[in-house]
Amino acid sequence: MQIITTKKELLAVVKACKQERKTIGLVPTMGALHEGHASLVKRAVAENNVCFVSVFVNPTQFNNKEDLEKYPRNINRDAELLSSIGADFVFAPTPEEMYSQEEMSTTFQFDFAGLDQVMEGKMRPGHFNGVVQVVSRLFYLVQPDKAYFGEKDFQQLAIIHHMVERSSMAGTFGKLQIIGCPIVREKSGLALSSRNERLSPEEKETALAISKTLFESLKWAKSASVAEVQQRVIDTINAVEGLEVEYYEIVDQTTLLPTNTFDHAIGCVTVYCGPVRLIDNIKY
Ligand code: AMP
């Protein structure tokens, strides 16, 4: 496995892969890798001739300075994991390598047809602009045939689908396919997240109530309305000391707009566990 830190080196490696007519799989990550990331990488390795993984904590998608500073980083451990599961190339640039001064300070604007006006987009203004800024740059650099994203970040996946399929960028990325991969959880049900590293053992135990409540809500949905289930999820999680729901919304899986039926619906939650912001979701 080769670790690449510059765009120049990356472009040369990609050019060689293209000349050899190798298919390329790309898994964008922010590092502090766990089995959730590994599931994406294993799939990319299995479905392509070569697998590129980017490890880059993208400053332009953070609107909270403390969250950016405290985001866990461990490139050596990441490299070990990626090598053990068959990744071929790791692209781990510095922010300066990725962006010019100007790009770091100007807000990248993109039309998401309203997909960014709800949930994460509403709570974290500019977040998805930053995500698309980095992801589109990675697509230009790596020119993947397939790119892999987790359903854990369901709204992000919907926005990237939109960007590739319906935007002015359609065509720009050729036949690029976006592959959504299911959420990987601990045996306890807790969705794996790099941010879990910031939880104390007690907080981790407390956080279990999030997934437990989401799974319970599948039963509630059999005999209650969307509005009732939504409120019951919020109340149940908020009743746990140490947890505070930022939002729980049951929306249509395609439009991400509120729905009053459980058909094709997904419930997306964000909860503060102490200072750590955790997200999870469940399909009805
Ligand atoms: P991140 O490093 O958090 O930006 O995540 C990189 C990619 O891994 C994103 O596409 C995430 O949705 C995905 N991912 C993160 N956690 C999980 C998980 N528990 N299960 C599946 N995919 C995940």
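**Before you start**

This is a predicted model, in which local features need pLDDT of at least 70, side-chain atom pairs count only at pLDDT 80 or more, and totals for chains, interfaces and linings use all residues. Residues are numbered from 1 along each chain as its sequence is written, and side-chain values use heavy atoms, with hydrogens and water left out.

**Stop 1: the largest cavity**

A search of the whole structure finds two cavities of 30 Å³ or more. A cavity here is a set of points, on a 1 Å grid over the protein atoms alone, where a 1.4 Å probe fits but cannot get out; lining residues have an atom within 4 Å of a point. Grid points are joined across faces, edges and corners, and a volume is the space filled by probe spheres set on the points.

Select Met30, His37, Lys152, Asp153 and Gln156. Of the 47 residues lining the largest cavity, these lie nearest its centre. The space inside is about 840 Å³.

Now colour by domain, with bounds from an automatic or database domain assignment. Domain 1 (2-181) and domain 2 (194-279) both give residues to the lining of the largest cavity, so the cavity lies between them.

Next, show secondary structure. Helices (H or I, at least four residues) and strands (E, at least two) are DSSP runs, numbered from the N terminus. Which helix gives the most to the lining of the largest cavity? Helix 8 does, with six residues. Elements that each supply at least two residues include strand 2 (24-29), helix 2 (35-47), helix 8 (127-142) and helix 9 (154-165).

Colour the lining by class: 24 residues are nonpolar, 15 polar and eight charged. Ala, Val, Leu, Ile, Met, Phe, Trp, Tyr, Cys and Pro count as nonpolar, Asp, Glu, Lys and Arg as charged, and the others, Gly among them, as polar.

**Stop 2: the second largest cavity**

Select Leu190, Ala191, Asn196, Ile210, Ser211, Leu278, Ile279 and Asp280, which line the second largest cavity. Helix 10 (201-220) and strand 9 are the elements that give two or more residues to this lining. Strand 9 gives the most, with three. The space in the second largest cavity is about 60 Å³. Its lining has five nonpolar, two polar and one charged residues.

**Stop 3: Val132 in helix 8**

Go back to helix 8 and pick Val132. Is Val132 buried or exposed? It counts as buried, at 0% relative accessibility. Buried means under 20% relative accessible area, exposed over 50%, and partly exposed in between (1.4 Å probe, protein chains only).

**Stop 4**

Select strand 3, residues 50-55. Six of its six residues are buried. Val50, Phe52 and Ser54 point one way, and Cys51, Val53 and Val55 the other way. Two strands pair if DSSP finds at least two bridges between them. Val27 has Val53 in strand 3 as its bridge partner.

**Stop 5: strands 7 and 8**

Select strand 7, residues 243-252. Eight of its ten residues are buried. Strand 8 runs antiparallel to strand 7, with nine bridges joining the two. For one of these contacts, show Tyr248 and its bridge partner Val269 in strand 8.

Stay for the loop between strand 7 and strand 8, where His264 is found. His264 is partly exposed, at 43% relative accessibility. Its phi is near 60 degrees, a positive value in a residue other than glycine. Most residues other than glycine have a negative phi.

**Stop 6: Met119**

Helix 7 holds Met119. Met119 also has a positive phi, about 45 degrees, although it is not a glycine. At 1% relative accessibility, Met119 counts as buried.

**Stop 7: helix 4**

Select helix 4, residues 75-84. Its buried residues are Asp78, Ala79 and Leu82. Seen down the axis of helix 4, they fall within an arc of 100 degrees, so they line one face of the helix. The arc is that of the directions from the helix axis to the C-beta atoms. On the other side, Asn76, Glu80 and Ser84 are exposed.

Finish on Ser83, also in helix 4. Ser83 is partly exposed, with a relative accessible area of 43%. Pick Met1 too: Ser83 and Met1 are 82 residues apart in sequence and 5.9 Å apart in space, C-alpha to C-alpha.

Conventions: 1 Å grid on protein atoms, 1.4 Å probe; cavity = no way out; pocket = protein on both sides within 12 Å on 5 of 7 lines; lining within 4 Å.
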